[in-house]
Amino acid sequence: MNTLIHFPFIWMNLLSVTAFIIGTFYLWIHYENREDKKYRKMAAQSLFHCVKCGELFQTRGNKETAVCPACNKNNLRLRF
């Protein structure tokens, strides 16, 4: 054979399997971090239920009380 680069078949298989495993782990870690960021953002918001008008609303941050945007009544945070 008059090829410029001689690359054995076994090494090519080893290289492709290794690249597949590294790519799989990279995508796994990437999507796990993406989901974790989404849940951390959701956890940074507080959910409230107005006792006067029944409105459900949320605010940013971990607050204990918030004013209802519909009727301006001060409400306590929902706890689950």
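Is tryptophan 28 buried or exposed? In this predicted model, where local features need pLDDT of at least 70, side-chain atom pairs count only at pLDDT 80 or more, and totals for chains, interfaces and linings use all residues, tryptophan 28 turns out to be exposed, with a relative accessible area of 52%. Exposed here means over 50% relative accessible area, buried means under 20%, and partly exposed is what lies in between (1.4 Å probe, protein chains only). A bit of bookkeeping: residues are numbered from 1 along each chain as its sequence is written, and side-chain values use heavy atoms, with hydrogens and water left out.

Now for the overall picture. The protein has 1 helix and 4 strands, and they come in the order α-β-β-β-β along the sequence. Helices (H or I, at least four residues) and strands (E, at least two) are DSSP runs, numbered from the N terminus. The C-alpha atoms take up a box of roughly 85 × 20 × 15 Å along the principal axes. The radius of gyration, taken over C-alpha atoms, is compared with a globule rule of 2.2 Å times the number of residues to the power 0.38. For a compact globule of 80 residues that would be near 12 Å, but the protein has 27 Å.

The whole structure holds 2 aromatic pairs. Phenylalanine 25 and tryptophan 28 are stacked, because their ring centres are 5.7 Å apart and their planes meet at 20°. To pair, rings of Phe, Tyr and Trp (its six-membered ring) need centres within 6.5 Å; planes under 30 degrees apart count as stacked, over 60 as edge-to-face and the rest as tilted. Both residues sit in helix H1 (residues 9–43), 3 residues apart, or about one turn of the helix. Phenylalanine 25 is partly exposed, at 44% relative accessible area.

The other pair joins phenylalanine 48 and phenylalanine 57, also stacked, with 5.4 Å centre to centre and 15° between the planes. Here phenylalanine 48 is buried, with a relative accessible area of 0%, and phenylalanine 57 is buried too, at 8%.
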